[in-house]
Amino acid sequence: MSSTTCIQWTIAPEIAPRPLINCNRCGDVKAYRCSGKFRVNANGKRIDVWLIYRCIDCDNSWNFGIFERCNRRDIEPALLRALESNDPGLARRHAFDIVALRNKVGRVEEFPDVAVPKQAVGETTETATALELWLGFEMPTSLRLDRLLANELGISRSRLQALEERRLLLVDPGGAKALRKPAREGTTLRTDLTGEPDRQVIIAAALG
Ligand SMILES: [Zn+2]
C-alpha cells in the first residue's frame with residue numbers, strides 16, 4: 001500500500017529586486033538597492049511617500065514613489081504611522097512589488113534566491129512512497145518551478161522532466177510547460193516515487 005507524505009512549503013524571496021538607474025553621480029547605469037526607509041513629505045493636506053533606494057556604488061539616492069500627491073484623508077492613520085516609522089514588513093512588501101517598480105524604472109534586476117521553510121502536514125512515515133507538496137508564497141517570485149524543486153529536493157531538472165513525462169509528477173494547476181514557469185501561489189505537486197530507489201532521500205529533502 002502506498003502512503004503519501006504531505007508538506008507545505010512557504011517560499012519567501014531573500015533579495016529585493018534592484019532597479020537599474022542612470023546614476024548621475026556615477027555617470028553610468030547602476031543597480032540601486034532598497035534602503036528600507038520611507039520618506040514622508042506632508043504639505044498641508046497633501047502627502048507624498050517614497051521608498052528610498054541607494055546606488056550600490058556611490059550611495060546616491062533615488063525615490064520610489066509609493067503615494068504621490070495623495071490626500072491625507074485617503075491614508076489610514078495606522079498606515080501613516082507604519083510609513084513614518086519605516087515598518088520593515090511594509091518596506092519589504094513595497095520593495096518586492098516588481099510590477100510597480102517596473103512601471104517606474106523599466107529595467108529591474110531580479111534575484112532567484114529564496115528561503116523555503118517546510119512543514120509536514122499530518123503524519124509522515126518512513127515508508128512513504130508518494131509526496132505531495134503545497135506551495136505557498138510570502139510574495140510572488142520569478143523563480144521557475146523546476147529550479148525551485150531541483151534546489152530544494154536535490155534532484156536534477158531533467159529528472160523532474162522525466163518524472164513529469166511519465167505522469168509520475170503531476171502539477172496542479174498544470175498546463176503547458178508548468179515546470180518551466182514561475183512557481184505560483186496555490187500550486188500543488190504530487191509525485192509517485194515508488195520506483196525511485198532514493199525516494200527516502202528525496203522525501204527527507206522535501207521535509208527540510
Ligand atoms: Zn552611483
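Student: How are the donor residues of the zinc ion spaced in sequence?

Tutor: The spacing is C-x2-C-x28-C-x2-C. Donors here are N, O and S atoms within 2.8 Å of the metal (3.2 Å for Na, K and Ca); water is not among the atoms, so sites may look incomplete. Cys23 in strand E2 (residues 18-23) and Cys55 in strand E4 (residues 46-55) link distant parts of the chain, 32 residues apart. Helices (H or I, at least four residues) and strands (E, at least two) are DSSP runs, numbered from the N terminus.

Student: What should I know about the model itself?

Tutor: This is a predicted model, where local features need pLDDT of at least 70, side-chain atom pairs count only at pLDDT 80 or more, and totals for chains, interfaces and linings use all residues. Residues are numbered from 1 along each chain as its sequence is written, and side-chain values use heavy atoms, with hydrogens and water left out.

Student: Which atoms are the protein donors of the zinc ion?

Tutor: The SG atoms of Cys23, Cys26, Cys55 and Cys58, at 2.3 to 2.4 Å.

Student: And what is the geometry of the site?

Tutor: Tetrahedral, with angles of 100 to 119° among the four donor atoms. Four donors count as tetrahedral if all angles lie between 85 and 135 degrees.

Student: Is Cys23 buried or exposed?

Tutor: Cys23 is buried, at 0% relative accessibility. Buried means under 20% relative accessible area, exposed over 50%, partly exposed in between (1.4 Å probe, protein chains only).

Student: Switching to backbone: where is the cis peptide bond?

Tutor: Between Asp172 and Pro173, with omega about -5°.

Note on methods. Tetrahedral: all angles 85-135°; square planar, octahedral: opposite > 155°, others 65-115°.
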